[in-house]
Amino acid sequence: DDDKSLLKISSITLQGILKKKAGETTEALELLTKASDLCKAIGQSPTLQYAEILMNLGEVQLLTEKFDDAVTSLDFALTLRLKNYDFEDIQTNTTLLANAYEGKGNNEMATTLKEKASKLGDDSLLTDEVKRLCQLYRSYASKKKFALAIKKCEMVVEKLSESAPDSVHLAIAYQDVGNLVAMTGELSEASRALESLNKGLEIQKAIGVSDIFSHF
């Protein structure tokens, strides 16, 4: 039963994160590796839940100086986030990956990633309210309730336009509105979809991260 498996994975992940926060790295490594293996076993590896597990696993691997493993985990976590337009932890994830490359002695890559991370907009700009709206619109989108998804995503755009106008977070939210409008298949809405996608690209260009997605 997939739902039971997902709950089990969530529970193990949470235990692992708590162990990580408590500085109990050996136990954290065991638990997060187990959660990652379970995710793969039930075919959940291309999901954001898996990205979350991998980011925490990579952070523990970094703390325990397993730099090669950390690069592998964090790189895949970041790839999944970008593919899923998940911007909540992109900056954190990118910074951790930079640190893992630094640990490996690849300073050039570390510097490139740190520069990208500094341009991405601060993850802490995302209030709990914005994060909740993001979860809602993604949930509606996954259930193909596009009208509701668009409404919530437009609220994210509105809030981020005030609090984080020069952030990749807002750029992605604009692109999500565009993608969601396009998914409705309403031809009359095509120009609205394009307008939103273009606004997202303009912000990316303005803050110098238009290549962020091509890099990974």
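Residues are termed buried under 20% relative accessible area, exposed over 50% and partly exposed in between (1.4 Å probe, protein chains only). The structure is a predicted model, in which local features need pLDDT of at least 70 and side-chain atom pairs count only at pLDDT 80 or more, whereas totals for chains, interfaces and linings use all residues. Residues are numbered from 1 along each chain as its sequence is written, and side-chain values use heavy atoms, with hydrogens and water left out.

Helices are DSSP runs (H or I, at least four residues), numbered from the N terminus. Helix H8 comprises the 18 residues 146-163. Buried positions in H8 are Phe146, Ala149, Ile150, Cys153, Val156, Val157 and Leu160. These residues lie on the same side of H8, because they cover an arc of only 120 degrees around the axis, the arc being that of the directions from the helix axis to the C-beta atoms. The face turned away from this buried side carries the exposed residues Ala147, Lys151, Glu158 and Glu162. The cover over the buried residues of H8 includes helices H7 (128-142), H9 (168-183) and H10 (190-206).

Lys20 belongs to helix H1 (residues 2-21) and is buried, with a relative accessible area of 14%. Beyond neighbours within four places in sequence, Lys20 is in contact (heavy atoms within 4.5 Å) with Ala28, Asn56, Glu59 and Val60. Polar contacts are pairs of N or O atoms within 3.5 Å; within protein, one must be able to donate a hydrogen and the other to accept it, and residues adjacent in sequence count only if both atoms are side-chain atoms. The side chain of Lys20 forms such a contact with that of Asn56 at 2.6 Å and with that of Glu59 at 2.9 Å.

Methods
Helices (H or I, at least four residues) and strands (E, at least two) are DSSP runs, numbered from the N terminus. The expected span of a helix is 1.5 Å times one less than its number of residues.
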